[in-house]
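Please read them with the structure open.

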Amino acid sequence: MFLGRVAGTVWSTVKWPETRGLKLLLVRPYRLGDLAPGAAGDAGGEASEPLDDLVVCADLLDAGVGDDVLVAFGHAARVAVGEKLAPGSKPNVPIDAAVVAVVDRVEIERAPRR
Amino acid sequence: MIRGTVVGRVWATRQAHGLDGCKLLVVAERDADGKASGRIVVAVDVLGAGSGEDVTVALGSGARNVLRPGPDNRDLLCDAAVAAIVEGAG
């Protein structure tokens, strides 16, 4: 799983039928320096390239732009989607990333320096 | 798997039920030289790893086996788990 901030939304009308009703979000992953200034990966206040590494995620928790979220990949993402769309079963949907938590707090204690 | 250092924890109340009761750690990946690469992953921890400890993290479907050995674990919501607490690496 990775931590990221919701940067936007994606919508479409032509899509796999089983994915109807799933909201899609654009999430920008955090690097260590985004959470711990001065740590490895800190861009020194410069905005890192926001379009470099955006991930499109299915949203199960009604997250909004600006929220910090936890995203699961692969099979785990489909398990999470299954909770929402068809409880008790794993839908065969073309989803490989899903928001699985809206983060309240991230506590960084010992961030290694570069 | 990746090698990294535990640097913190994540708390969430709005989460998928599959994550209920899971301890979630922020792990900073280390590169071949042992330096932090800047990349972080969030991993489920059942081994009791603490901040500052070096760990290995299993990613993908293999991570589920840390929580419950397969094959009957495909219902688990887990794509990253602490697989070992590292004592040394050469």
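1. Contact, as used here. Two residues are in contact if their C-beta atoms, placed from the backbone, lie within 7 Å. The model is predicted. Please keep that in mind for every value below.

2. The interface. Chain A puts 35 residues in contact with 34 residues of chain B. On the chain A side, the elements giving two or more residues are strand E1 (2–10), helix H1 (32–35), strand E4 (68–73), helix H2 (74–85) and strand E5 (97–108). E5(A) supplies the largest share of that side, with 9 residues.

3. What residue classes make up the side of chain A that touches chain B? There are 23 nonpolar residues, 4 polar and 8 charged.

4. Val106(A) has Val10(B) in E1(B) as its bridge partner.

5. Secondary structure of chain B. The chain holds 1 helix and 5 strands. Read from the N terminus, the order is β-β-β-β-α-β.

6. Overall dimensions of chain B. How does the radius of gyration of chain B, 13 Å, stand against that of a compact globule? A compact globule of 90 residues would have a value near 12 Å, so the 13 Å of chain B agrees. Along the principal axes, the C-alpha atoms fill a box of roughly 35 × 30 × 20 Å.

7. Packing within chain B. Of its 90 residues, 43% count as buried. Take the contacts between residues at least 6 apart in sequence: 50% of these join residues at least 24 apart.

8. Met1(B) sits in the segment before E1 of chain B. Is Met1(B) exposed or partly exposed? Met1(B) has 15 C-beta neighbours inside 10 Å. A residue is buried at 20 or more and exposed at 12 or fewer. Met1(B) therefore counts as partly exposed.

9. Surroundings of Met1(B). Leaving out residues up to four places away in sequence, Met1(B) touches Thr56(B), Val57(B), Ala58(B), Leu59(B) and Ala83(B). Asp72(B) is 71 residues from Met1(B) in sequence. In space, the two lie 22 Å apart, C-alpha to C-alpha.

Terms used: Residues numbered from 1 in each chain as written. Chains lettered and ligands numbered in written order. Predicted model: local features only at pLDDT ≥ 70, side-chain atom pairs only at ≥ 80, totals over all residues. Helix = DSSP H or I, 4+ residues; strand = E, 2+ residues; numbered from the N terminus. Nonpolar A, V, L, I, M, F, W, Y, C, P; charged D, E, K, R; others polar. Pairing = 2+ DSSP bridges. Rg over C-alpha atoms; globule rule 2.2 N^0.38 Å.
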